[in-house]
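Please work through the following exercises with the sequence and the structure side by side, and try each task before reading its solution.

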Amino acid sequence: MRPEKLIHLADAAVAARRMAYAPYSGFAVGAAVATADGQLFTGCNVENASYGGCLCAERVAAAAAVAAGHRRWQALAIALPGGGTPCGICRQFLSEFAEDLLILAIDTDRPTAPPHRYQLQQLYPHGFSGRDLQAGPPKPPTP
Ligand SMILES: [Zn+2]
């Protein structure tokens, strides 16, 4: 992606963070996915009193892209305090659609600092995929 497009993607993630529903953790996160054809889809974390029902911003943005018919992506930006990387379940979720996804991590505590750049393959090198399902059922454990 061209640098100006990456800046636009990062800005979209920062803007999406303002919509976060995080009454329990107070940890607001925004995300934006850039599709192969350059469209942007955003998401924010959505918490729930039943903690298992919480959704991360990355998966909300990714699901929005898929729901609009976009399954090929160029990059994802996330905006959060400290500029962390996607959690394990989000890495798995993202790898379903883009194993080589560029990830920009924006530290909202340092808004003028350049985002950290990662490739999803670097963060999640041996993810489970549809290829693993071709191996057939697992063998029973031996005593
Ligand atoms: Zn996550």
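**Exercise 1.** How many aromatic pairs does a search of the whole structure find?

*Solution.* The search finds three aromatic pairs, where rings of Phe, Tyr and Trp (its six-membered ring) pair if their centres lie within 6.5 Å, and planes under 30 degrees apart count as stacked, over 60 as edge-to-face and the rest as tilted. One of them joins Tyr-24 and Tyr-51, with 6.1 Å centre to centre and 55 degrees between the planes, and is tilted. Because Tyr-24 lies in the loop between α1 and β1 (30-35) and Tyr-51 in the loop between β2 (40-44) and α2, this pair ties together parts that are 27 residues apart in sequence; helices (H or I, at least four residues) and strands (E, at least two) are DSSP runs, numbered from the N terminus.

The model is predicted, so local features need pLDDT of at least 70 and side-chain atom pairs count only at pLDDT 80 or more, while totals for chains, interfaces and linings use all residues. Residues are numbered from 1 along each chain as its sequence is written, and side-chain values use heavy atoms, with hydrogens and water left out.

**Exercise 2.** Decide whether Ala-13 is buried or exposed.

*Solution.* Ala-13, placed in helix α1 (residues 3-17), has a relative accessible area of 0% and is therefore buried (buried means under 20% relative accessible area, exposed over 50%, partly exposed in between, with a 1.4 Å probe and protein chains only). Leaving aside neighbours within four places in sequence, Ala-13 is in contact (heavy atoms within 4.5 Å) with residues including Gly-30, Ile-78 and Ile-106. The C-alpha atoms of Ala-13 and Ile-78 are separated by 5.7 Å, although these residues are 65 residues apart along the chain.
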